[in-house]
Amino acid sequence: MTTDTAALNLRQRSYRLLFDNHSRSGRRMEAFWVSTALLSVVLLFLEPGGSALYAPGQQAIYLFFCTEIIFTVIFTCEYLLRLWSTPPDQHYARSFFGVVDLLTVLPMYIIWLYPHMTVEFVMLLRVVRILRVLRVLKLLRYMSEMGMIWRSIKLARHKLAMFFGFVAVVLCVFGGLMYAVEGGSGGFTSLAASVYWAVVTLTTVGYGDIVPHTPLGRLLTSVLILLGYSIIAVPTGILTAYMSQELQRNRERRNCEQCQRGGHETDSAFCKFCGSLLPPLTGKHSQK
């Protein structure tokens, strides 16, 4: 066996280990990455400056810094392995999870390379901390049903765009009416503030920082609140319809090799008609 062939086989084994969760070793590797990502996020909220549960001493600060170094090294190795083992035609570095994996390891390197800059510019330090929180997005890679939700959103994007366009028109109209009716009182000092009030009212949040005082203003507020209750259900219904279609398509793709019957769930292991072992779900819908 030549050196090139051995390297190719090693890359293929690494790819299956990192991206294929159908094998036992792949499932173990998946459990390891999920546990590591969860633990790193939990410690991020407990470290000094991120939690008010305790007053940390120098020893605690040093301990959290060391654990962050360990997590950074682990996630750096993961990113480099995925980058090395992924075939070039899949463009891992430019994919969503490739960008997430890169952003989650950048903060510590920024602190190491530019320590004085992160101390002088507080906003930069906050941005660095936010980038570390992005590690929670790593968990989406191991949630297979998230792909179905994302495909449903893509299929419904035109209807959702029309819906949110209609909502934007409603907000502008009611914001303008309230600005004209209230005349600057009660917090309606500008058109932008009035549209902000319309957003808060339409979503039935109601902070109470801007309130109408005139009878006509209160009438418009009541109409907008009732309109908000009916509007909220529209995007839910649109997404539910497309998600049902995706579920049906996934069931049709799972066919038993013994009885040739379909209609199986994506997470089914055995045929519900004859009890035979189902083949693994393949294709772009099963990839992370």
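The count comes to 8 aromatic pairs. Rings of Phe, Tyr and Trp (its six-membered ring) pair if their centres lie within 6.5 Å; planes under 30 degrees apart count as stacked, over 60 as edge-to-face and the rest as tilted. Take phenylalanine 19 and tyrosine 92. Their ring centres are 6.3 Å apart and their planes stand at 85°, so this pair is edge-to-face. Phenylalanine 19 lies in helix H1 (residues 3-19), and tyrosine 92 lies in the loop between helix H3 (58-85) and helix H4 (96-113), so the pair ties together parts 73 residues apart in sequence. Helices here (H or I, at least four residues) are DSSP runs, numbered from the N terminus.

This is a predicted model: local features need pLDDT of at least 70, side-chain atom pairs count only at pLDDT 80 or more, and totals for chains, interfaces and linings use all residues. Residues are numbered from 1 along each chain as its sequence is written, and side-chain values use heavy atoms, with hydrogens and water left out.

Buried means under 20% relative accessible area, exposed over 50%, and partly exposed in between (1.4 Å probe, protein chains only).

Now turn to phenylalanine 163 and phenylalanine 164. They form an edge-to-face pair, 5.1 Å centre to centre, with 65° between the planes. Phenylalanine 163 is buried at 10% relative accessibility, whereas phenylalanine 164 is partly exposed at 48%.

Return to phenylalanine 19. Tyr15, Phe19, Tyr79 and Tyr92 form one aromatic cluster.

Technical notes. Helix = DSSP H or I, 4+ residues; strand = E, 2+ residues; numbered from the N terminus.
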